[in-house]
Amino acid sequence: MGVQSAIELPAMKTSPQFIFFTDFDGTVTLQDSNDFMTDNIGYGREKRRQGNIDTLADKITFRDSFREMMDSVTKPYNECIQFLVDNIKLDPYFAEFFQWSLANNMPVVVLSSGMEPIIKALLKKLIGPDAENMQVIGNYVKARPGKSIDEEGGWQIQFHHPESGFGHDKSVTLRKYSSLPEDIRPTMFYAGDGVSDLSAARETDLLFAKKGHDLISYCARENVPFTVFEDWSSILEKCKEIAAGKTTVQEAAHEGYEAYKAGAAGVEPAANS
Ligand SMILES: [Mg+2]
């Protein structure tokens, strides 16, 4: 991939030294909005949790499990958005991180398995107009035959990569950046928490995995290096250290793995969500 392709990648416009890719649900927000809908107005927590566990154990693809979750939610789409806007909260330190990223030319790109209209509505409510500076790449929503999305049983999820078992294969976007020529390739970060992040886990220079959640169990099992975060204050601190040259992504990943081995990752495989 050459310089011309770099120009076509929106996050490369300002020739950044670093790009922060992130999951949205349960990572930027405190609750996972799709889990929240499924648990409260869909088929309920127990079935949803079993789907997560089966996805981690490779018994079902993320795409098929997620479609079942979304199919169980039949409320009109506009009511779903309002329900989430009223209930979902932002990580208490994300706004500070985001302001720092804007001031330090570190583009933030959201890579999500959720649906773009919901993510954009939540970001607008939680962050305000600056949210428009964040690129969002997710799945979409479409009307069921003969219906509109804003009527009962009227919508369904439309996957970004319908042929992939991930539904949205996050590695596709990440590889466009990681394959840039050495002299312009930025250092890439990723933050995530769960089963929707499996396609991204191996693709960046430093993976932040949320303490006590499914992504940690997966990384530990698959030997994917990671560093643990509890909230965005620890991510911000680490990014500042790396940007100032006080530590490297390699050192940070190594430290993270040591912390995990010492029991600091809060991981009880399959116990949390
Ligand atoms: Mg998540």
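**A seven-stranded open sheet**

This predicted model holds an open sheet of seven strands with mixed pairing, in the order E4-E3-E2-E1-E5-E6-E7. Residues are numbered from 1 along each chain as its sequence is written. Because the model is predicted, local features need pLDDT of at least 70 and side-chain atom pairs count only at pLDDT 80 or more, while totals for chains, interfaces and linings use all residues.

User: Which strands stand at the edges of the sheet?

Analyst: Strands are DSSP runs (E, at least two residues; helices are H or I, at least four), numbered from the N terminus. Two strands pair if DSSP finds at least two bridges between them. One side is left without a neighbour in the sheet where a strand has a single partner, so the edge strands are E4 (155-158) and E7 (227-229).

User: In which sense does E1 pair with E5, and over how many bridges?

Analyst: Strand E1 covers residues 18-22 and strand E5 residues 187-192. Phe20 stands opposite Phe189 in E5. The pairing of E1 with E5 is parallel, over five bridges.

User: What angle does the direction of helix H8 make with that of E5?

Analyst: Helix H8 (residues 170-178) packs on the sheet and touches E1, E2, E3 and E5; contact requires C-beta atoms, placed from the backbone, within 7 Å. Axes are lines fitted to C-alpha atoms, for helices over the stretch in contact, and angles between N-to-C directions run from 0 to 180 degrees. For H8 and E5 the angle is about 160°.

User: Which residue of E6 is the bridge partner of Gly192?

Analyst: E5 and E6 pair in the parallel sense over four bridges. The partner of Gly192 in E6 is Ala209.

Methods. Two residues are in contact if their C-beta atoms, placed from the backbone, lie within 7 Å.
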